[in-house]
Amino acid sequence: MTSHALTSTAMARGTAFLGSQTAILCGAMSWVSERNLVSAISNAGGFGVIACGAMTPALLDTEIAATKALATRPFGVNLITMHPQLMELIAVCVAHQVSHIVLAGGLPPKGSIEAIKTAGAKVICFAPALALAKKFIRSGVDALVIEGMEAGGHIGPVATSVLAQEILPEVAQQVLVFVAGGIGRGSAIAAYLEMGASGVQLGTRFVCAHESIAHPAFKKAFLRGNARDAIASIQVDPRLPVIPVRALKNKGTEEFTAKQREVAALLDAGSINMGEAQLQIEHFWAGALRRAVIDGDIESGSLMAGQSVGMVTQEESVADIIATLMDETEAALVR
Ligand SMILES: Cc1cc2nc3c(=O)[nH]c(=O)nc-3n(C[C@H](O)[C@H](O)[C@H](O)COP(=O)(O)O)c2cc1C
């Protein structure tokens, strides 16, 4: 076992904050980040985060209880800010004394950060730009994730390397920052730690862990995929907004483009109104990630994956993935 003295020192602020052995978070991935993967990550020295996604408060309650039964170390819960029952979901986390809550998917509504902090939990928010990072610091968030467009899932327009250069020097003294998006090896982790990050968040790299319940076909698609296969979804018509999602291209990707054209044509012809058109676009992907991750429908389901997918070359245990990343980080810091 390699000693990780330099890495541990560089990660010290992150590990003290997370209560973990390494400052490597496995970012919440809807359908993938459930009790098995989350507890495995935390038990192996990383920090697992449950993806609440569209779960009801009752489902989240069950998932947290099941994760607690498996985990010997702290883990977090990721909540989507536009969930209609966000405050109830926060209450479920608080009742379970979840130590860290991640608010994802847009500006947290009034009262949500306060509710988490009053309960004594730590709050982590995604900062897609420097101005927002500063705003979150003023709101009292404990840590930030800066995630670039190389990441899998919903993405912003700016690359991780640019966000890191813009945001870390300005705010990393005041607040902990975890860098995410496109990290496949420890050399990248070392670079972001040297730039002032307290730790990192990876998603794609953990999808093919033995402990991940993702369908074998979903994992196979990852093992075959290369960086240039993980493409951002395209918006066809300015009237029909699409939040870009990075995923492996498949038949579903092409069908989504065709669907946007079809809906735009119906709009032009006056057959449907704007509300109906936008609803049709939004509904296209509803359930698509579940179909791919759980049912193994890799043709028309959504294969959300980041550009680091080419560095996922085998199924291995979470412990081995974390050990490799730590060894690589140490080797890079020693150089
Ligand atoms: C299959 C998949 C599903 C994801 N689902 C979510 C989600 O539900 N909520 C969220 O905040 N981020 C989600 N993400 C983003 C991850 O939490 C993480 O930040 C991202 O994967 C990091 O970038 P990387 O993929 O380059 O490692 C997802 C990513 C993937 C690959």
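In this predicted model, helix H7 passes helix H8 in a right-handed crossing. Helix H7 covers residues 130-139 and helix H8 covers residues 160-171. Their axes lie 9 Å apart, and the two helices pack at an angle of about 30°. Angles under 35 degrees count as roughly parallel, and H7 and H8 are therefore roughly parallel to each other.

A second pair of helices can be read in the same way. Helix H4, made of residues 57-70, packs against helix H5, made of residues 86-95, at an angle of about 25°. For this pair, too, the axes are 9 Å apart. With the cut-off for roughly parallel set at under 35 degrees, H4 and H5 are therefore roughly parallel as well. The crossing of H4 past H5 is right-handed.

Attention now turns to the ligand. Around the ligand there are 19 residues, and those that come nearest are Ala28, Ser30, Glu147, Gly182 and Thr204.

Thr204 places an N or O atom of its side chain 2.5 Å from an oxygen atom of the ligand. In the case of Gly182, a polar atom of the backbone is 2.7 Å from a ligand oxygen. Gln201 contributes through its side chain, where a polar atom lies 2.8 Å from an oxygen atom of the ligand. How much of the ligand's exposed area does the protein bury? Taken alone, the ligand exposes 610 Å², and 94% of that is buried by the protein.

Terms used: Residues numbered from 1 in each chain as written. Predicted model: local features only at pLDDT ≥ 70, side-chain atom pairs only at ≥ 80, totals over all residues. Heavy atoms only, no water. Near = heavy atom within 4 Å. Polar contact = N/O pair within 3.5 Å; in protein donor to acceptor, adjacent residues only side chain to side chain. Areas by Shrake-Rupley, 256 points an atom, 1.4 Å probe, with all protein chains shown as cover. Axes fitted to C-alpha atoms, helices over the stretch in contact; angles between N-to-C directions. Helix = DSSP H or I, 4+ residues; strand = E, 2+ residues; numbered from the N terminus. Parallel < 35°, antiparallel > 145°, perpendicular 65-115°, else oblique. Left-handed = near helix turned anticlockwise from the far one by under 90°.
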